[in-house]
Structure formats: structure tokens, C-alpha cells
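This report describes a single protein model for a reader who is new to structural analysis. Please keep the sequence and the structure in view while reading.

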Amino acid sequence: MEMSYLAHEVELSKRHEEILGLRTTLLQQMEEQLESQANKKKLQAIEFESANKRNSLLLSDLGVAEENLKARACTHLHPPFIALQTKYWTFVEEHLPKWEQFYWVKQRTLLK
């Protein structure tokens, strides 16, 4: 009986060593995974900051471009455009009284 007890004790001791080895392996894997996740988070934070800076620069560049276009549009009107604009307003001023009279007459006939 003592032999079987000793054999059983040796077997349990070996199994205990195996379990401890597996535990050590799993702990190392968990630490590696945790370290990997921490590195990924750091990389994401760096990428996020970089994207924010890039977006801010793009927005400021767009604002400058918009201001330049507005300034250019106000100061650099082409002569053909100015001539066309002048003709348009002359036409409107000439024909507006006729249209006003037309609508005035039409409105009177509708009200009667």
C-alpha cells in the first residue's frame, strides 16, 4: 500500500509540475498580449493625434483658400462680366415700369 501511495504521490507531483508549467506559459502569453494591446493603443493615440493635426492644417488651408477666392472674386471682375452686368441692370430699369404696369392691370382685373 505504501508503494502505491508513493507512486500516486510521484504522479501527483509530476502533474503539479505540468500544471505549473502551463500556468507559467499562460501568464507569459497574457503578459505578451497585454503588452501588444498597450502598444496598439499607443500607436492609435499617435495616429489619432497626427490625423487631428493634419485635419487642422487642411481646415486652415481651406480657410485661407476661401478667403483668397473671395478677395479675388471681388477685385478681379472681368470687363465682359462688368459689361454684361451693366446691360442687365439697364434692361431691368427700362422694362420694370412696363412689368409693374402689366401686373397692376392684371391684379385689378383679378380683384374685380
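## Salt bridges

Arginine 15 and glutamate 18 join their side chains in a salt bridge, with an N to O distance of 3.1 Å. The term salt bridge denotes a side-chain nitrogen of Lys or Arg within 4 Å of a carboxyl oxygen of Asp or Glu. Both residues belong to helix 1, three residues apart, or about one turn of the helix.

Two salt bridges are found in a search of the whole structure. Glutamate 66 also pairs in this way with lysine 70, their closest N and O atoms lying 3.6 Å apart. About one helical turn separates glutamate 66 and lysine 70, because they are four residues apart in helix 1.

## Basis of the model

The model is predicted: local features need pLDDT of at least 70 and side-chain atom pairs count only at pLDDT 80 or more, whereas totals for chains, interfaces and linings use all residues. Residues are numbered from 1 along each chain as its sequence is written, and side-chain values use heavy atoms, leaving out hydrogens and water.

## Overall form

The protein contains two helices and zero strands; these are DSSP runs, numbered from the N terminus (helices: H or I, at least four residues; strands: E, at least two). The C-alpha trace spans about 125 × 45 × 15 Å along its principal axes.

Of the 112 residues, 0% count as buried. Buried means under 20% relative accessible area, exposed over 50%, and partly exposed in between (1.4 Å probe, protein chains only). Valine 10, in helix 1 (residues 2-75), is partly exposed at 40%.
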